[in-house]
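Hello,

Here is the structure I promised to pass on.

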Amino acid sequence: MDDFPNCQENRAIDIFPMTTKLCCAGVQDEGTPIGTLESIGGQSCYVSKGTATNKAIVLVTDVFGLGIKNPKLLADAFAKETGFSVYVPDLFKGKEVPPQAMDSMEALMNGNPSFFEKIGHVGSLVYNFVPFAVSNSQKQSLAIVKDVIHALRTKESVQSIGVVGYCWGGGVAIELAQESNKDAKYDKLVTCIAPTHAGGYNKQKYENINIPALHVIAEKDMEIKEARRAEIRAITESKQDQSIAYFEGVMHGFAVRGDYNNPVIKKARDEAFSKTAEFFKNYV
């Protein structure tokens, strides 16, 4: 449990794999999204409009999808900061992990629940997470995002597309970079990617990225521990226009679900946003 120093030691949550803990931890942001829901390439998307007409950002969500405000507020912030329209596809069609799972995981990790409360929270996680796992796959998410990107290129005349993906969506972003290498149908499917505490580590897939990439990595991430960070660093240092933004003292999910009331997390989250926005301004 060293990677979760504030976590209560208990066996109840140890029935979950660490990746489930990481994917479910976090908080819901406050604020009012200002974008709209639109159909892009036959896929429902949250859209936050920018001023540029030939450049865009696609934001690929974590497992909570559009069921929480966080990705919508991030889309609004990126559109305002970069001037590019931001598109957030609905990956899960109502089968996303509901926000109650986040509340249960926060209670288990950072609260002091009684034994029976722990059992209740664990039951809530099973009830909420299993349907998501049964109904969704990254392959399905990749197909949805490709529909949106293809429509932006062919119908909206967008010439340059950057992709930021959080957690689950970070893995999709890396997959999109693989398509950029091998899918002649789309030439380069995307212009650049910013996988952020990406799930599903595969060294070969990182090696196959040959477009500009910013890898946002948290210190306390069981998916990308020290040895894997070293591998990613070596890969990015061998390639042009690829880099790592590494944040100490925070865990997987911090850049999209981090608690703004925690000053360490707030500082890291704000900096991760700023670095990603600057990356897009330079490469999209």
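Let me begin with a side-chain pair: Thr36 and Glu38 make a polar contact through their side chains at 3.1 Å (a polar contact is a pair of N or O atoms within 3.5 Å; within protein, one must be able to donate a hydrogen and the other to accept it, and residues adjacent in sequence count only if both atoms are side-chain atoms). Before going on, please note that this is a predicted model, where local features need pLDDT of at least 70 and side-chain atom pairs count only at pLDDT 80 or more, while totals for chains, interfaces and linings use all residues. Numbering runs from 1 along each chain as its sequence is written, and side-chain values use heavy atoms, with hydrogens and water left out.

Back to Thr36, which sits in strand S1 (residues 36-40). Helices (H or I, at least four residues) and strands (E, at least two) are DSSP runs, numbered from the N terminus. Thr36 is partly exposed because its relative accessibility is 41%; buried means under 20% relative accessible area, exposed over 50%, and partly exposed in between (1.4 Å probe, protein chains only). Neighbours within four places in sequence aside, Thr36 is in contact with Cys45, Tyr46 and Val47, where contact means heavy atoms within 4.5 Å. The C-alpha atom of Thr36 is 9.5 Å from that of Lys72, a residue 36 positions away along the chain.

Now for Ser85, in strand S4 (residues 85-89). Ser85 counts as buried because its relative accessible area is 6%. Its side chain reaches the backbone nitrogen of Gly50 at 3.0 Å. Gly50 is also among the residues that Ser85 touches, not counting those up to four places away in sequence; the others are Ser48, Lys49, Ala52, Lys55, Ala56 and Ile57.

Here is the chain as a whole. The secondary structure comes to 10 helices and eight strands. Of the 284 residues, 54% are buried. Among contacts with a separation of 6 or more, 76% are between residues 24 or more positions apart. The accessible surface is about 12600 Å², and carbon and sulfur atoms hold 49% of that (Shrake-Rupley method with a 1.4 Å probe; for residues, only the protein chains shown count as cover).

The whole structure holds nine aromatic pairs; rings of Phe, Tyr and Trp (its six-membered ring) pair if their centres lie within 6.5 Å, and planes under 30 degrees apart count as stacked, over 60 as edge-to-face and the rest as tilted. Phe78 and Phe280 are edge-to-face because their planes stand at 75°, with ring centres 6.2 Å apart. This pair links distant parts of the chain, with Phe78 in helix H2 (residues 70-82) and Phe280 in helix H10, 202 residues apart. Both Phe78 and Phe280 are buried. Phe247 and Phe254 form a tilted pair, 5.3 Å centre to centre with 50° between the planes. Phe247 is buried at a relative accessible area of 5%, and Phe254 is buried at 3% relative accessibility. One aromatic cluster is made up of Phe78, Phe273, Phe279, Phe280 and Tyr283.

Finally, which residues does Arg269 contact, leaving aside its neighbours within four places in sequence? They are Asp29, Asn70, Phe254, Ala255, Val256, Arg257, Gly258 and Tyr260. Arg269 belongs to helix H10 (residues 263-283), and it counts as buried because its relative accessibility is 3%.

Best wishes
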